[in-house]
Amino acid sequence: MSYIKHRADESLEDYLETILMLYKSTGQVRSIDIANEMNFTKPSVSVAMKNLREKGYITMNSTGYITLTEAGRQRAEDVLERHTILADLLMYIGVSKETALADACKIEHDLSEESFDAIKRALLSENSPSKTVECKYHPLKLISRHINFSFFSNKKHIWAIIYLTDIFI
């Protein structure tokens, strides 16, 4: 993959992730909301929205409200999952929140599917400690997620119970 294509995909994923996060927090998204959240100019966001429409990731109604298509939602959810797990992992091992969030944004676009799946499996492995972790990873700073990992095993199965509680702050 060329560097330019990679950067374009990264930008596309950042826009999709932002649209999803805004929608989850407010229930509606306009280009101006995206521009404000990402600290971009309205014309830059308009060009990006045109590209996302052409790729089939969003639709925009006559009043300017943006909706993710099924393909757009799936890609945004995938990026958000990567961001969330990577940021939580970094904070869990002692990285400061600010650095963990910044680094997760960088890593989420470059990490292979194989490596990401291995990280997820490792977090739910039999050797993972039972621990409660408070992670405030959310880019919009609206959710504090409390995660409680409990692991039970017998000779044949490992049971992982994960309790997630979203608290809007």
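**Helix α4 and its two helical partners**

Helix α4 (residues 70–92) packs against helix α5 (residues 97–110) at an angle of about 140°, and their axes lie 8 Å apart. The axes are lines fitted to C-alpha atoms over the stretch in contact, with angles running from 0 to 180 degrees between N-to-C directions. α4 is therefore oblique to α5, given that angles under 35 degrees count as roughly parallel, over 145 as roughly antiparallel, 65 to 115 as roughly perpendicular and the rest as oblique. The crossing of α4 past α5 is right-handed, the near helix being turned clockwise from the far one by less than a right angle.

The model is predicted: local features need pLDDT of at least 70, side-chain atom pairs count only at pLDDT 80 or more, and totals for chains, interfaces and linings use all residues. Residues are numbered from 1 along each chain as its sequence is written, and side-chain values use heavy atoms, with hydrogens and water left out.

On the α4 side, the residues in contact with α5 include Val 79, Arg 82, Leu 86 and Leu 90, and they meet residues of α5 including Ala 100, Leu 101, Ala 104 and Glu 108; contact means heavy atoms within 4.5 Å. By class, this contact of α4 with α5 has ten nonpolar, one polar and four charged residues. Here Ala, Val, Leu, Ile, Met, Phe, Trp, Tyr, Cys and Pro count as nonpolar, Asp, Glu, Lys and Arg as charged, and the others, Gly among them, as polar.

The crossing of α4 past α6 is left-handed. Glu 81, Arg 82, Ile 85, Leu 86 and Leu 89 of α4 meet Glu 113, Phe 116, Ile 119, Lys 120 and Leu 123 of α6. The contact of α4 with α6 comprises six nonpolar, no polar and four charged residues.

Arg 82 belongs to helix α4. With 10% relative accessibility, Arg 82 counts as buried (under 20% relative accessible area). Leaving aside residues up to four places away in sequence, Arg 82 touches Glu 108, Leu 111, Ser 112, Glu 113 and Phe 116.

After α4 comes Gly 94, with a positive phi near 110°. Along the sequence, the chain reads α-α-α-β-β-α-α-α-β-β-β, where helices (H or I, at least four residues) and strands (E, at least two) are DSSP runs. Of the 169 residues in the chain, 35% are buried.

Conventions: Buried means under 20% relative accessible area, exposed over 50%, partly exposed in between (1.4 Å probe, protein chains only).
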